[in-house]
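Here is a friendly walk through a two-part question: what does the model show, and how far does its confidence reach? Have the sequence and the structure open as you read.

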Amino acid sequence: MRCYAMIGIFIFFCQLMSPPAWSAAAPKKAEVPDIEPQAGAVLKQMCDYLKNLQQFSVQAEITEDVRLTSGQKIQYGKSLEAAVRRPDRFRAESVGDADNRLLVYDGKTITLLDRSKNFYTTIAAPPEIDAALEHGVQAFNLRAPLADLIYTEAYQYLTAGVISGFYAGLSKVQGVPCHHLAFTQKDIDWQIWVENSPTPAPRKFLITDKTAQGLQFTAVFTKWDTSPQSADARFTFVAPEKAEKIDILPAAAPASPKKKEKKR
Amino acid sequence: MRREDTATQIARPKARLIKALPWFLSLTMLAGLLPVSPLGSMLINEAEARGAARGPRGGMAVAGPRGAAAVGPRSGAVVATPRNYVYHGSASVTAGPRRTYVEGPRGGEAYVGPRGAAVKGPRGGAAWVTTLPVGARAVAIAGATYYVASGVYYRPVYYGSAVVYQEVENPQEE
């Protein structure tokens, strides 16, 4: 009888220990991606280079495909200017066809401003760029197509979900000699062009969304500045006149931080 | 009846009860029938939730040991958990022994479990649109901007990195 009682207690505690059915599914063990050694080495070199830059600013020309309700595919463009000062300052401003937005992270909060509509919102964020961006993406579904390049652990973020990758050869982006790398994931294919020099910065980044009939996101990095003079004021948000603060909706569903399939 | 006989009669059922208790708890936990954890803090239910409150207009909020959830009287629903995870829809949510289940008066539902919280507003959450209907006009109500088109009110909110317009009931009637 005592044996039965012990079994009963065991089952009871098993129930307490087991996660609820509706909790986030435990991340499955990542499969080792099949990345060609040369492609992996160039990508790692680029990530290490960016990781060791304590501050930098970059300008990029971005194009993004959009499918209209009629089914027609068109392309919008925008200019992006981003500044990073590790470990806790980040700013990105984009001006383009469809939007005119600003994101400022000051080490405590992330503020989003829509300059066209004059609305802004602020969310509390962890005191470090990686965690802050991750929080924004996970909890509020912020779109950060180029965030993977900013993370300290960029290589892990970029290769998470990669099925295979290969070295496509030497190429030129705006006249700059680059290594051309191509990777595939379940839902997206992505390519990156890394400068073939002692300063291996990314020069072009292209994502093809296989789930959306091949819609593409392209960023061409036009200017890198690795010694910008960024004052604190650049990373401090000041609401424009008559700008109205509005709420932000939480993300609809969670995703495992390092298992992002889609990068946009 | 002798005194020791009485003691024996009392002791036997007590011993049976002690032996049967783990089975009883296990079966009730398995069946999802046990509303309150024997360990106290691991779960709460609507009636016994610490920090649970029902608003005058039917809104409901509940705080669990590791998170909190709230359902508004109309369509708003918010949740705060240690990681700010939010779940919509009921497909992956079921009432169980380690969770709190809260049902709002208009169909909203909230759950708080030991590892997070979940909410579902009426009709699965308020609808929102990325562009306002043609002819929508801005109105200022209580210092906030709303838009109204064909009698439907919208409030601007951020969803992801973009501003969208969430359908709300006439804020002036609240």
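## Starting from one residue

In which strand of chain A is R203(A) found? R203(A) belongs to strand 11 of chain A, residues 202-209; helices (H or I, at least four residues) and strands (E, at least two) are DSSP runs, numbered from the N terminus. This is a predicted model, in which local features need pLDDT of at least 70 and side-chain atom pairs count only at pLDDT 80 or more, while totals for chains, interfaces and linings use all residues. Residues are numbered from 1 along each chain as its sequence is written, and chains are lettered from A and ligands numbered from 1 in the order in which they are written.

Is R203(A) buried or exposed? R203(A) is buried, because 26 other C-beta atoms lie within 10 Å; the cut-offs are 20 or more such atoms within 10 Å for buried, 12 or fewer for exposed, and partly exposed in between, with C-beta atoms placed from the backbone. Setting aside neighbours within four places in sequence, R203(A) is in contact with V173(A), V176(A), C178(A), W193(A), V194(A), E195(A) and F221(A). Here, contact means that the C-beta atoms of two residues, placed from the backbone, lie within 7 Å.

## Confidence in the model

The model scores ipTM 0.76 and pTM 0.62. Residue by residue, the guide is pLDDT, the predictor's confidence in each residue, from 0 to 100. Chain A has a mean pLDDT of 85, with 83% of its residues at 70 or more. Residues 14-28 of chain A have pLDDT below 50, and this stretch has 26 contacts in the model beyond near neighbours in sequence. Residues 253-264 of chain A also have pLDDT below 50, with 33 contacts of that kind.

Chain B averages a pLDDT of 58, and 32% of its residues score at least 70. Over residues 63-68 of chain B the pLDDT is below 50, and the stretch has 27 contacts in the model beyond near neighbours in sequence. For residues 72-98 of chain B, pLDDT stays under 50, and the model has 84 contacts beyond four places in sequence.

## The two chains in outline

Chain A has five helices and 14 strands. Of its 264 residues, 32% count as buried. Among contacts in chain A between residues at least 6 apart in sequence, 49% join residues at least 24 apart.

Chain B comes to one helix and 12 strands, and its elements run α-β-β-β-β-β-β-β-β-β-β-β-β from the N terminus on. Buried residues account for 30% of the 174 residues in chain B. In chain B, 49% of the contacts between residues at least 6 apart in sequence join residues at least 24 apart.

## Helix 2 of chain A

Helix 2 of chain A covers 16 residues, 37-52, and should span 22 Å at 1.5 Å a residue; its end C-alpha atoms are 22 Å apart, which agrees. The expected span is 1.5 Å times one less than the number of residues.

Which residues of helix 2 of chain A are buried? They are A39(A), V42(A), L43(A), M46(A), C47(A) and L50(A). Seen down the axis of helix 2 of chain A, these buried residues fall within an arc of 135°, so they line one face of the helix; the arc is that of the directions from the helix axis to the C-beta atoms. On the other side, P37(A), D48(A) and N52(A) are exposed.

Strand 6 of chain A, residues 109-114, has five of its six residues buried, so the rest of the structure largely encloses it. Strand 5 of chain A, residues 100-105, pairs with strand 6 of chain A in the antiparallel sense over five bridges; strands pair if DSSP finds at least two bridges between them. L103(A) has L112(A) as its bridge partner in strand 6 of chain A. The two strands form a hairpin with three residues between them, and G107(A) in the turn has a positive phi of about 95°.

Strand 6 of chain A also runs antiparallel to strand 7 of chain A, residues 119-124, with six bridges joining them. The bridge partner of T109(A) in strand 7 of chain A is A124(A). This hairpin has four residues between its strands, and N118(A) in the turn has a positive phi of about 60°.

## G136(A) in helix 3

G136(A) sits in helix 3 of chain A, residues 129-140, and counts as buried because it has 25 C-beta neighbours inside 10 Å. Beyond four places in sequence, its contacts are I110(A), I123(A), A125(A), L142(A) and A144(A). G136(A) and P250(A) are 114 residues apart in sequence and 9.6 Å apart in space, C-alpha to C-alpha.
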